[in-house]
Amino acid sequence: MRILPLIISATITTVLVITLNSTLVLPAPLGKLLSPQHGIWQNAESADADFNAELKFPQLKGKVQVYLDDRLVPHVFAENEDDVYFVQGYLHAKFRLWQMELQTHAAAGRASEIIGDKALAHDREFRRLGMGYAAEIAQKEAEKDPVIKAECDAYTAGVNAYITNLPESELPLEYKLIGYLPEKWSNLKTMLFLKYMSYDLAAHEDDFEMTNAKRFFNKEDFDKLFPLKQDSLDPIIPAGTVYAAPKVQAKAPATADSIYFAGKPLELQEEKPDKENGSNNWAVSGSKTRTGSPILCNDPHLGLNLPSLWFEMQLSTPTFNAYGATFPGAPSVIIGYNDSCAFGFTNGGRDVRDYYEIQFKDDTRKEYWFDSAWKKTDFRVERIKIKGKPDYLDTVAYTIFGPVMYDKSFSGGVAPNDKYYAVRWKAHDPSNELRIFNELNHAKNYADYSAAVVNLHTPGQNCVFACKNGDIALRAQGEWPAKWKGQGDFVMPGTDSSYMWQGMIPMDEVPFQYNPERGFVSSANQKPADSTYPYYLGRNYPLYRGLLINKRLSAMTDITVDDMMALQTNNYNIFAEEARPVFLKNVQEEKLNADEKRYLDILKSWNLNNDVNEKGATVFEVVWKKFTEVVFDDDYKLSPEVIMHPFESSLLEGVLKDSAYKFLDDRLTTKKLETLADDVTLAFKKASEELKQAETAGKLEWAKYKGTRINHLTKLDPFNRTDLPIGGGTHCINATKETHGPSWRMIVSLTATTEAYGVYPGGQSGNPGSRFYDNFIDQWVAGKYFPLWMMTKGEENDKRVKWKISFSRS
Amino acid sequence: MKFIVSIVLIALLSFAACLYLPWWSIAIVAFMVAALIPQNPGKAFLSGFIALFLLWGRLAFVISANNEHLLAHKVSVLILKMDSPYLLVFVTALIGALVAGLAALSGSYLRKA
């Protein structure tokens with residue numbers, strides 16, 4: 001009579017096992033997750049983890065030795081280049097596999113496969129932007145180049161060698177938590193990663209917002225809010241440089257400035273990268289340094305995430321020896337130095353993504369009107385797999401401009417849209433970006449650098465260079481469309497070729513500087529050149545960081561590495577230096593209550609540094625924000641939802657040169673003409689309310705108010721690092737914002753034996769269960785650096801070497 | 001004596017099985033051991049329960065201690081909504097224990113069926 005209890009207990013056991021193995025009942029498969037031999041415990045890396053290993057792979061040609069130092073930086077010594085890239089791929093996967101796959105899935109518009117239909121809008125947007133299409137074109141181009149093909153093939157083989165030999169117990173934690181398995185790497189994925197960088201760095205535009213602004217404001221107001229040039233601009237290539245007549249001349253269509261701006265607002269909501277992808281780089285020549293050798297500095301500012309975008313390593317072969325920050329997902333050292341020279345980048349930030357309104361013959365979208373004829377459309381069917389749901393099929397029309405990104409079926413969700421907008425994006429054009437890194441890793445001199453950087457088409461970057469022979473240089477590099485003045489600032493008609501990009505700026509007309517007399521080159525995303533440059537450069541660039549860097553560098557002599565560290569982590573707010581006097585001069589103190597007066601006193605006594613404990617920085621930030629609202633909110637009251645707001649410099653420069661700046665008046669009050677004093681005082685009163693709240697919450701100190709955090713890519717709170725006590729801000733050289741900031745700080749002094757320093761806000765391991773997951777963050781927060789060790793043969797027994805991995809052919 | 005032997009056997013075989021098989025192989029091991037070694041259902045349940053409680057508890061604790069509880073701090077917040085590495089170790093042990101205990105109970109019924 002034990003059959004019934006058997007059935008009952010066996011059923012309960014089975015149900016329990018199934019429940020604990022799936023997410024049907026519980027939010028997590030607890031049995032699977034917590035099994036000490038399978039689940040997350042296996043990712044709890046021992047504090048004295050042993051990374052030593054001897055590995056054999058049939059793909060290798062020779063032996064490769066990897067020495068891991070005390071910061072888990074691999075120093076890879078290979079007998080040939082294929083092997084070095086194989087091992088680079090293997091190590092990237094070993095430490096960062098989940099991140100590599102997630103980023104490339106996101107780039108490809110495949111996030112729904114992992115996280116379900118909440119990512120569908122993202123996936124459609126990315127596919128309609130043609131990310132996969134662009135990556136396929138890039139792969140074709142890269143594989144035409146035998147050197148780069150070999151490099152990519154070896155890298156891919158290395159990643160896959162790791163994946164193939166990965167037991168389920170050693171799967172990265174995130175796969176276990178989300179519940180999926182890694183797929184094989186491919187050269188296409190490397191290209192997708194690079195296109196993701198193009199998206200992040202070269203996809204920002206405000207075409208819809210600007211079009212609406214141009215329709216909403218009259219010409220005079222529009223020009224005031226969105227000027228073509230800023231008064232205080234200190235361009236990358238100094239003002240006064242003489243340029244030759246342009247070889248390509250773009251001709252503006254007769255209707256460019258007129259008929260196209262009638263009509264109703266364009267209500268499209270785009271997914272956009274942060275436009276403040278700020279960065280700084282500079283190189284000072286030996287004439288300004290204490291050692292007499294050049295120093296190169298670079299801090300690319302990007303979204304701050306864990307695992308970090310960067311992975312530090314040294315790649316050494318008989319043909320090259322490079323050290324620096326690498327991208328998990330791509331071969332080569334990206335920002336770094338070799339035995340002869342150093343190289344770095346800031347974002348070029350020019351508008352290389354434009355929209356065209358397409359006139360289709362009918363809803364089938366098979367033909368569109370172009371140059372007085374019907375032209376055939378191509379279609380690309382995007383199959384989007386969705387976790388737990390049927391596939392979603394999206395048919396994207398491709399025109400002569402590029403994919404039709406927005407149409408009736410997809411407008412990003414703000415308002416239904418009955419128009420068709422094709423996107424012309426430079427990242428769709430064939431180019432071979434990996435070539436630049438390969439050549440820079442090998443570069444010995446300025447000629448090598450010059451030959452290398454012209455391979456960089458998109459994302460366009462300001463490439464800084466310094467060499468042991470004393471040369472310094474900077475190129476505002478990219479394959480830039482030669483635009484007529486204003487081209488691409490607004491959505492353009494897609495019915496005739498006169499609105500198309502008419503050519504590219506020849507590489508020898510890209511703004512550059514080589515060993516300038518002033519003894520330094522620098523860039524901080526500001527406009528590359530002043531108005532004497534014969535090509536249109538667009539209107540929206542940050543200008544204040546560049547201003548300060550040039551001011552400081554000009555004044556410096558006898559420069560040391562420490563000086564450069566201090567400059568890179570400098571929290572001086574040059575924007576506040578210009579704006580605070582406007583507040584202090586105009587505020588009507590007699591109208592302020594005791595609290596408001598107290599905040600004013602804090603602002604008055606502030607030393608203009610956005611340091612961790614400065615309350616003045618918080619007061620300034622909030623007052624400026626409120627001032628902008630007081631001045632402009634009335635003007636924008638009736639505007640469309642999607643519209644461009646003024647450049648930050650417009651208001652400051654506006655009130656500096658004209659105390660009766662017309663936007664100061666509140667249009668909603670007809671009786672009174674508000675003055676600068678009225679607006680500043682009102683801004684103060686409004687700011688005080690917010691400041692009071694911050695003070696009550698104990699968050700008046702700048703770092704607490706700002707709340708810099710570094711999120712894990714899943715944004716799961718325990719894996720994030722929050723409330724970091726770090727200063728800086730938008731207009732400081734140390735441009736650390738809430739989730740954005742210097743993603744890698746590097747300083748290279750090119751003395752006989754190179755002296756280099758670096759730090760990034762993360763850690764070498766992507767595993768939240770490793771002590772190497774976030775171990776650089778405190779150092780980064782404190783503005784401190786690690787010495788970078790370019791290991792040489794013979795140093796195998798150095799005490800910095802902690803582990804050794806030997807790779808050989810099986 | 002059978003009780004102790006059962007516990008030791010379930011623990012050892014579970015450890016070995018999990019080197020190659022999915023985590024739920026502990027249920028099969030406990031079921032088979034209980035079916036082979038005659039014990040009353042209550043004792044069978046307890047032997048499976050104790051075996052896996054000790055095995056998983058100890059494994060998890062040692063791993064976590066070597067990790068200086070770095071991961072357990074994070075994952076306990078994630079799963080248990082509170083920062084307690086020891087509770088996470090306890091929950092781990094409890095889950096293994098329940099599964100093995102119930103499986104062993106079923107095994108003992110099979111024998112007596």
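Q: Which helix of chain A lies across β16 and β17 of chain A?
A: This is a predicted model, in which local features need pLDDT of at least 70, side-chain atom pairs count only at pLDDT 80 or more, and totals for chains, interfaces and linings use all residues. Residues are numbered from 1 along each chain as its sequence is written, chains are lettered from A and ligands numbered from 1 in the order in which they are written, and side-chain values use heavy atoms, with hydrogens and water left out. Helices (H or I, at least four residues) and strands (E, at least two) are DSSP runs, numbered from the N terminus. The helix across the two strands runs at about 150 degrees to β16(A) (axes are lines fitted to C-alpha atoms, for helices over the stretch in contact, and angles run from 0 to 180 degrees between N-to-C directions); this is α5(A), residues 120-128.

Q: What order do the strands of the open sheet of 4 strands have?
A: The pairing in this sheet of chain A is mixed (two strands pair if DSSP finds at least two bridges between them). β16 (404-406) and β20 (492-493) each have a single partner strand, so one side of each is left without a neighbour in the sheet. With these two strands at the edges, the order is β16-β17-β11-β20.

Q: What is the bridge partner of A:V404 in β17(A)?
A: β16(A) is joined to strand β17 (residues 420-425) of chain A by 2 bridges, and the two run antiparallel. Across this pair, A:V404 has as its bridge partner A:A422.

Q: Which residue in β20(A) does A:E357 stand opposite?
A: β11(A) pairs with β17(A) in the antiparallel sense over 6 bridges, and there the partner of A:E357 is A:Y421. The pairing of β11(A) with β20(A) is in the parallel sense, over 2 bridges. In β20(A), the residue opposite A:E357 is A:P493.

Q: What is the bridge partner of A:W282 in β22(A)?
A: Strand β4 (residues 279-284) and β22(A) run antiparallel and are joined by 4 bridges. Strand β22 (residues 520-523) is covered on both faces, with A:F520 and A:S522 buried on one side and A:V521 and A:S523 on the other. The partner of A:W282 is A:S522.

Q: At what angle do the axes of helix α18 (residues 615-632) and helix α19 (residues 648-657) of chain A cross?
A: Two packed helices are described by the angle between their axes and the distance between the axes. Here the axes come within 11 Å, and their crossing is at roughly 80 degrees.

Q: How many residues of the contact of α18(A) with α19(A) are nonpolar?
A: The contact (heavy atoms within 4.5 Å) involves A:W624, A:F627, A:T628, A:V631 and A:F632 of α18(A) and A:E648, A:L651, A:L652 and A:V655 of α19(A). Ala, Val, Leu, Ile, Met, Phe, Trp, Tyr, Cys and Pro count as nonpolar, Asp, Glu, Lys and Arg as charged, and the others, Gly among them, as polar. Beside 1 polar and 1 charged residue, the nonpolar ones number 7.

Q: The backbone oxygen of which residue lies 2.6 Å from a polar atom of the side chain of A:T618?
A: A:T618 lies in helix α18 of chain A and is buried, with a relative accessible area of 0%. Not counting residues up to four places away in sequence, A:T618 touches A:L691, A:L700, A:E701, A:W702 and A:Y705. The backbone oxygen at 2.6 Å belongs to A:L700.

Q: A polar contact of 2.6 Å joins the side chain of A:Q314 to that of which residue?
A: A:Q314 sits in strand β7 (residues 311-316) of chain A and counts as buried, at 0% relative accessibility. Beyond its neighbours within four places in sequence, its contacts include A:P74, A:V76 and A:W789. The polar contact (N or O atoms within 3.5 Å; within protein, one must be able to donate a hydrogen and the other to accept it, and residues adjacent in sequence count only if both atoms are side-chain atoms) is with A:H75.

How values were computed: Buried means under 20% relative accessible area, exposed over 50%, partly exposed in between (1.4 Å probe, protein chains only).
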